[in-house]
Amino acid sequence: MESQKEARILQEPVARPPGASRSQTPNAKERQEGGPVPATAALGAEADDDSADGLWELPVEPAKRRPECSRCSQPQRVYSCPFVPVSPHPLHYSPNLYPVDHPAQENKVLRTVPLLAACLPQDKCKVKIGRRFSEERDPELSTVCRKSGTLILYPGAEAANLEEFILDSPVYPSTIIIIDGTWSQAKDIFYKNSLFRHPKQVQLKTSISSQYVIRMQPTNRCLSTLECAAVALSILEKNNYIQETLLRPLQALCSFQLQHGAQIRLSKEHLLKNGLYPKPMPKNKRKLRKMELLMNSVKI
C-alpha cells in the first residue's frame, strides 16, 4: 500500500510556488533549496533546466525597421533618389505646393508624397500632416487658404477643369493644395475642414492612366498625389518637362518592385468591367451603386 501511495504522489503535478520562474521545474527548485533529487530524474532535469534557462537569458531584440533614405523616406534598398532632380538641374516653377497628408499615411511605405517633396525645392513644397485644421492649429495654412491665388485640387461636381480655369482666370495661381490619403481619408479631410471651402476647387480632366501600377486605383483615370502634382504643375507652367521629371522616380520605384515579386494592380473599374473582380458584390446599397457606376464608366 505504501509503495502505491508513493507512486501516486510522484505522478501528481506539483504546484509552482509563488515567485518561481517558469523555467524552474520542481527538481530545479529542490536543487536551489538543497533538497534531494531522485537519481533517475537528475540527468533529464539538468538537461531541461539548462536549455530552458538558456532561452530565458537570451536578449530580446526589438524589431528593426528597414533603413530609410533621409531624403525621400523610402527604404534604402528601393529608394529612387538617383532619379530625383538635384542641383545644378533642379525643377523651376512658380506655384507653391501644399500636400495635406492624412496621419495614417505616415506608417505606410512606398508612398508618393515623400518622393514629391524630395523632387521639389524645400521652400516650394510644404507638407502638412493632420485630419483637422483651423486658424488656431495652423495659421500658415489658414492664411494660404484665404488668398485669391490658392487652388485646391479635389474632384467633384463643383470643381472646375484646371486647364479651362487658368485660361479665364485673371490671377495666376500662386498655391496648389493637394490632399493625400485613401479616397475615404481624402474625402473626410476635404469635407470636414471649413478652411478648404475658401480656395477655388479644381480637378484634372486628363486621359492619362496612372503609372503607380503597384497600387490598385478605383478607376483607370485616378492618379496618385505625385502624379496629380506633376500634371497640375505642367499645365500651369505649360511645360511637359516638369511632368516627365516628377514621374521618373515613381516609374523607377514601380519597376524595382515589379522586378522583385510585386504584381501589376489593375483598377477596380477594369476588374469589374472584365468580370475579374475577386470579391463578392457588396450588399450595402450605397457601395453597390458605386460599383455599378464604375462598371458603367460614370465618374463618382
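Mentor: Asp 188 is buried, with a relative accessible area of 16%, where buried stands for under 20% relative accessible area, exposed for over 50% and partly exposed for what lies in between, with a 1.4 Å probe and protein chains only. The model is a predicted one, in which local features need pLDDT of at least 70 and side-chain atom pairs count only at pLDDT 80 or more, while totals for chains, interfaces and linings use all residues. Residues are numbered from 1 along each chain as its sequence is written, and side-chain values use heavy atoms, with hydrogens and water left out.

Asp 188 is the partner of Arg 132 in a salt bridge whose closest N and O atoms are 3.1 Å apart, a salt bridge being a side-chain nitrogen of Lys or Arg within 4 Å of a carboxyl oxygen of Asp or Glu. Because Arg 132 lies in the loop between β2 and α5, whereas Asp 188 belongs to helix α7 (residues 183-191), the pair ties together parts that are 56 residues apart in sequence; helices (H or I, at least four residues) and strands (E, at least two) are DSSP runs, numbered from the N terminus. Arg 132 counts as partly exposed, at 26% relative accessibility.

Elsewhere, salt bridges with shared partners join Lys 126, Lys 128, Asp 138 and Glu 140 into one network.

The structure holds 8 salt bridges, one of which joins the side chains of Arg 111 and Asp 101 at 2.8 Å, N to O. This pair, too, links distant parts of the chain, with Arg 111 in the loop between β1 (96-101) and α4 (113-119) and Asp 101 in strand β1, 10 residues apart. Arg 111 is buried, its relative accessible area being 13%, and Asp 101 also counts as buried, at 2% relative accessibility.
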